[in-house]
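This report describes one protein for a reader who is new to structural work. Please keep the sequence and the structure in view while reading.

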Amino acid sequence: QVQLVESGGGLVQPGGSLRLSCAASGSMISVYTMGWYRQAPGKQRELVATITSGGSTNVADSVKGRFTISRDNAKNTVSLQMNSLKPEDTAVYYCNADVIIPLPIRNVQLWGQGTQVTVSS
């Protein structure tokens, strides 16, 4: 099986920092774009940041300048460094990856189980 597993969520005070990590595992031929999405209570899931296998990033305006996305292609991991956290950043954060898997060869979009980030004093 192929799956994504997130880690690093938790409770942090406003202005604090957290680092989220996501690891892809299983039989994969290629991993293309990886990214992070979040969903706050009562709201729709929104894109936070993405990064291609070549390192090109796209970051949502709401977190630009505060969050940094990075990846390790050799390890099939993606991370999200979150600084200057605000209460409005509170959400479940989901890892996402666009991958090619075998038997049969096909493209699939993977989602992690989600990790809770709570920003509160």
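The sections below go from the overall fold to the core, the disulfide and several individual residues.

## Overall architecture

The structure is a predicted model. The protein contains 11 strands and zero helices. Its pattern, read along the sequence, is accordingly written β-β-β-β-β-β-β-β-β-β-β.

The overall dimensions can be described in two ways. Along the principal axes, the C-alpha atoms occupy a box of roughly 50 × 25 × 20 Å. The radius of gyration is 14 Å, and a compact globule of 121 residues would have a value near 14 Å, so the two agree.

## Surface and contacts

Of the 121 residues in the protein, 39% are buried. The accessible surface amounts to about 6300 Å², and carbon and sulfur atoms account for 48% of this area.

Contacts can also be sorted by separation along the chain. Among contacts with a separation of 6 or more, 57% are between residues 24 or more positions apart.

## The nonpolar core

The largest nonpolar core comprises 31 residues. Within this core, the residues with the most contacts are Trp36, Val48, Phe67, Val78, Leu80, Met82 and Tyr93. Two or more core residues come from each of strand 3, strand 4 (30-39), strand 5 (46-51), strand 7 (67-72), strand 8, strand 9 and strand 11 (115-119). The greatest contribution is that of strand 9, which supplies six residues.

Tyr93 illustrates how parts of the chain meet. When neighbours within four places in sequence are left aside, the contacts of Tyr93 include Trp36, Val48, Phe67, Leu80 and Met82. Other partners of Tyr93 include Glu6, Leu20, Arg38, Gly114 and Val117.

## The disulfide

The structure has one disulfide. The bond joins Cys22 to Cys95, with an S to S distance of 2.1 Å. Cys22 belongs to strand 3 (residues 18-25) and Cys95 to strand 9 (residues 91-101), and the pair links distant parts of the chain, 73 residues apart.

The disulfide is left-handed because the torsion about the S-S bond of Cys22 and Cys95 is about -85 degrees. Are the two cysteines buried or exposed? Cys22 has a relative accessible area of 1% and is therefore buried. Cys95 is likewise buried, with a relative accessible area of 0%.

Asn96 is found in strand 9. With a relative accessible area of 6%, Asn96 counts as buried. Which side chain makes a polar contact with the side chain of Asn96? The partner is the side chain of Gln109, at 2.8 Å. Not counting residues up to four places away in sequence, Asn96 touches Leu4, Thr33, Met34, Gly35, Tyr37, Gln109, Leu110 and Trp111.

Asp89 is located in the loop between strand 8 and strand 9. Its relative accessible area is 0%, so Asp89 is buried. Apart from residues up to four places away in sequence, Asp89 touches Arg38, Val63, Arg66, Phe67, Ser84, Val117 and Val119. Phe67, one of these partners, is also in contact with Tyr93.

Thr77 lies in strand 8, which covers residues 77-82. Beyond its neighbours within four places in sequence, Thr77 contacts Cys22, Ala23, Met34, Ser70, Arg71 and Asp72. Cys22, one of these contacts, takes part in the disulfide. Val31 is 46 residues from Thr77 along the chain, and the C-alpha atoms of the two are separated by 9.9 Å.

Thr57 is found in strand 6, which consists of residues 57-59. This threonine is partly exposed, with a relative accessible area of 44%. Leaving aside neighbours within four places in sequence, Thr57 is in contact with Thr50, Ile51 and Ile69. What is the separation between the C-alpha atoms of Thr57 and Asn76? These atoms are separated by 16 Å, and the two residues are 19 residues apart along the chain.

Terms used: Residues are numbered from 1 along each chain as its sequence is written. This is a predicted model: local features need pLDDT of at least 70, side-chain atom pairs count only at pLDDT 80 or more; totals for chains, interfaces and linings use all residues. Side-chain values use heavy atoms; hydrogens and water are left out. Helices (H or I, at least four residues) and strands (E, at least two) are DSSP runs, numbered from the N terminus. Contact means heavy atoms within 4.5 Å. A disulfide is a pair of cysteine sulfur atoms within 2.5 Å. Buried means under 20% relative accessible area, exposed over 50%, partly exposed in between (1.4 Å probe, protein chains only). A nonpolar core is a set of buried Ala, Val, Leu, Ile, Met, Phe, Trp, Tyr and Cys residues joined through side-chain atoms within 4.5 Å. The radius of gyration is taken over C-alpha atoms; the globule rule is 2.2 Å times the number of residues to the power 0.38. Accessible areas come from the Shrake-Rupley method with a 1.4 Å probe; for residues, only the protein chains shown count as cover. A polar contact is a pair of N or O atoms within 3.5 Å; within protein, one must be able to donate a hydrogen and the other to accept it, and residues adjacent in sequence count only if both atoms are side-chain atoms.
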